[in-house]
Amino acid sequence: DGGEDEFVLIACDGVWDVVGNQEGVDMVADVFGEGEEDVGLICEEVLDLCLMKGSKDNMTAALIKFPPQAVGTGGGVAARRASREAPESPASGSGSGGDGPTPGLYVPPQKRALSESNMVDEDAED
């Protein structure tokens with residue numbers, strides 16, 4: 001339904017080798033929710049996250065944003081990059097305790113439902 005769809009993420013197998021359909025949806029929705037409006041930067045962030053997840057294949061991504069997609073507040077991709085580049089303080093070390101995952105690394109939030117009409121058949125022949 002065009003009135004409900006928020007965006008379309010089109011990507012090649014270098015992305016889908018390391019990210020499932022739902023995780024791809026969550027990645028993009030999270031970055032929109034963090035205040036990013038630039039779809040080019042969102043595509044770059046998806047590719048960066050796939051590199052972090054170990055993708056070794058060529059990667060291309062395109063994103064189409066539809067009017068129903070809300071954009072939150074925050075620093076968007078720039079804030080994510082800054083948090084990844086910030087030196088880790090001794091208090092936030094990678095040991096137990098702490099306040100959760102390292103900032104800037106992708107951790108899927110709540111799951112967004114995919115309808116049958118917008119799922120890709122991952123087993124389909126290329």
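The model is a predicted one, in which local features need pLDDT of at least 70 and side-chain atom pairs count only at pLDDT 80 or more, while totals for chains, interfaces and linings use all residues. Residues are numbered from 1 along each chain as its sequence is written, and side-chain values use heavy atoms, with hydrogens and water left out. The secondary structure of the protein chain comes to four helices and two strands, where helices (H or I, at least four residues) and strands (E, at least two) are DSSP runs numbered from the N terminus.

**Overall fold and confidence**
- Read along the sequence, the elements follow the pattern β-α-α-α-β-α.
- Of the 126 residues in the protein chain, 29% are buried, a term that means under 20% relative accessible area, with exposed over 50% and partly exposed in between (1.4 Å probe, protein chains only).
- Among contacts (heavy atoms within 4.5 Å) in the protein chain between residues at least 6 apart in sequence, 79% join residues at least 24 apart.
- The chain averages a pLDDT of 80, and 68% of the residues score at least 70, pLDDT being the predictor's confidence in each residue, from 0 to 100.
- For residues 100-104, where pLDDT stays under 50, the model has seven contacts beyond four places in sequence; for residues 107-111, where pLDDT also stays under 50, the model has eight such contacts.

**Packing of H3 and H4**
- The axes of helix H3 (residues 39-52) and helix H4 (residues 76-85) come within 10 Å and cross at roughly 30°, these axes being lines fitted to C-alpha atoms, for helices over the stretch in contact, with angles that run from 0 to 180 degrees between N-to-C directions.
- H3 and H4 are therefore roughly parallel to each other, since angles under 35 degrees count as roughly parallel, over 145 as roughly antiparallel, 65 to 115 as roughly perpendicular and the rest as oblique.
- Leu41, Ile42, Glu44, Glu45, Asp48, Leu49 and Met52 in H3 meet Val77, Arg80, Arg81 and Arg84 in H4.
- Arg80 is buried, with a relative accessible area of 8%, and its C-alpha atom is separated by 9.1 Å from that of Glu34, 46 residues apart along the chain.

**Aromatic pair**
- The count comes to one aromatic pair, under a rule by which rings of Phe, Tyr and Trp (its six-membered ring) pair if their centres lie within 6.5 Å, and planes under 30 degrees apart count as stacked, over 60 as edge-to-face and the rest as tilted.
- Phe7 and Phe32 form this tilted pair, at 6.0 Å centre to centre and with 45° between the planes.
- Phe7 lies in strand S1 (residues 7-11) and Phe32 in helix H2 (residues 21-33), so the pair ties together parts that are 25 residues apart in sequence.
- Phe7 is buried at a relative accessible area of 13%, and Phe32 is buried at 0%.
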